[in-house]
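Subject: Structure handover

Hello,

Here is the structure I said I would pass on. My notes on what was found in it follow below.

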Amino acid sequence: MKIDFNEMNEMTIPGMNGGTGMMTCRMYNDEKYRIIETVLHPGGAIGNHLQDSGDDMNYVISGIGKAICDGAEEELKPGVMHICPKGSEHSIVNTGEEDLVMLTLVVAG
């Protein structure tokens with residue numbers, strides 16, 4: 001299966017999950033997978049939310065930030081993957097002055 005993000009419409013979402021700022025993304029979604037090219041712009045945060053659809057894996061391509069999963073804070077930087085297991089709560093914050101770019105994978109569980 002080939003997924004070409006270049007052929008997808010870009011969406012801009014303000015205050016994702018009650019967070020702050022803006023997020024831009026392109027998303028593939030079917031009954032098994034949600035695969036998202038995620039850009040969290042400076043000052044942006046994905047609000048704390050329950051991860052109920054499956055394990056949420058966020059691989060950082062560029063930028064810096066932090067993830068808070070079940071109260072534990074993790075530093076995000078290129079080459080790091082944050083995993084929020086199904087049933088946990090998490091948020092992601094762009095703490096830098098540049099975009100936080102991630103590839104997000106959610107596998108239905």
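A search of the whole structure finds zero disulfides, a disulfide being a pair of cysteine sulfur atoms within 2.5 Å. For C25, the closest cysteine sulfur is in C84, and at 18 Å it is too far for a bond. C69 is in no disulfide either, and the nearest cysteine sulfur to it, that of C84, is 3.7 Å away. C25 is buried, with a relative accessible area of 2%, and C69 is buried with 10%. Buried means under 20% relative accessible area, exposed over 50%, and partly exposed in between, using a 1.4 Å probe and protein chains only.

Before the rest, two remarks on the source. This is a predicted model, in which local features need pLDDT of at least 70 and side-chain atom pairs count only at pLDDT 80 or more, while totals for chains, interfaces and linings use all residues. Residues are numbered from 1 along each chain as its sequence is written, and side-chain values use heavy atoms, with hydrogens and water left out.

Overall form

The protein chain has zero helices and ten strands. Helices (H or I, at least four residues) and strands (E, at least two) are DSSP runs, numbered from the N terminus. The C-alpha trace spans about 35 × 30 × 25 Å along its principal axes. The radius of gyration is 13 Å, which agrees with the value near 13 Å for a compact globule with 109 residues; it is taken over C-alpha atoms, and the globule rule is 2.2 Å times the number of residues to the power 0.38. Of the 109 residues, 37% count as buried. Among contacts with a separation of 6 or more, 58% come from residues 24 or more positions apart, where contact means heavy atoms within 4.5 Å.

The six-stranded sheet

Six strands form an open sheet with antiparallel pairing, in the order β1-β2-β3-β10-β5-β8. Two strands pair if DSSP finds at least two bridges between them. At the edges are β1 (11-14) and β8 (81-84), each of which pairs on one side only. From one strand to the next the twist averages 25°; axes are lines fitted to C-alpha atoms, for helices over the stretch in contact, and angles run from 0 to 180 degrees between N-to-C directions.

β1 is joined to β2 (residues 22-29) by four bridges, and the two run antiparallel. P14 has M22 in β2 as its bridge partner, and I13 has M23. Seven bridges then join β2 to β3, again antiparallel. One of the bridge pairs here is Y28 with I35 in β3. A hairpin through three residues connects β2 to β3.

The nonpolar core

Which residues make up the largest nonpolar core? There are eleven: M23, C25, I36, L40, I46, V60, A67, L76, I92, L100 and M102. Such a core is a set of buried Ala, Val, Leu, Ile, Met, Phe, Trp, Tyr and Cys residues joined through side-chain atoms within 4.5 Å. At least two residues of this core come from each of β2, β3 (33-40) and β10 (100-108). Leaving aside neighbours within four places in sequence, L40 is in contact with M22, M23, A45, I46, I92, V93, N94, D99 and L100.

Along β6 (residues 65-69) the side chains alternate. Five bridges join β6 to β7 (residues 72-76), which run antiparallel, and G65 stands opposite L76 in β7. The two strands form a hairpin with two residues between them, and D70 in the turn has a positive phi of about 50°.

β6 also pairs with β9 in the antiparallel sense, over five bridges. The bridge partner of C69 in β9 is H90. S91 lies in β9 (residues 89-94) and is buried, with a relative accessible area of 9%. Not counting residues up to four places away in sequence, S91 touches I46, G47, N48, K66, A67 and I68. S91 and G47 are 44 residues apart along the chain, and their C-alpha atoms are separated by 5.2 Å.

Regards
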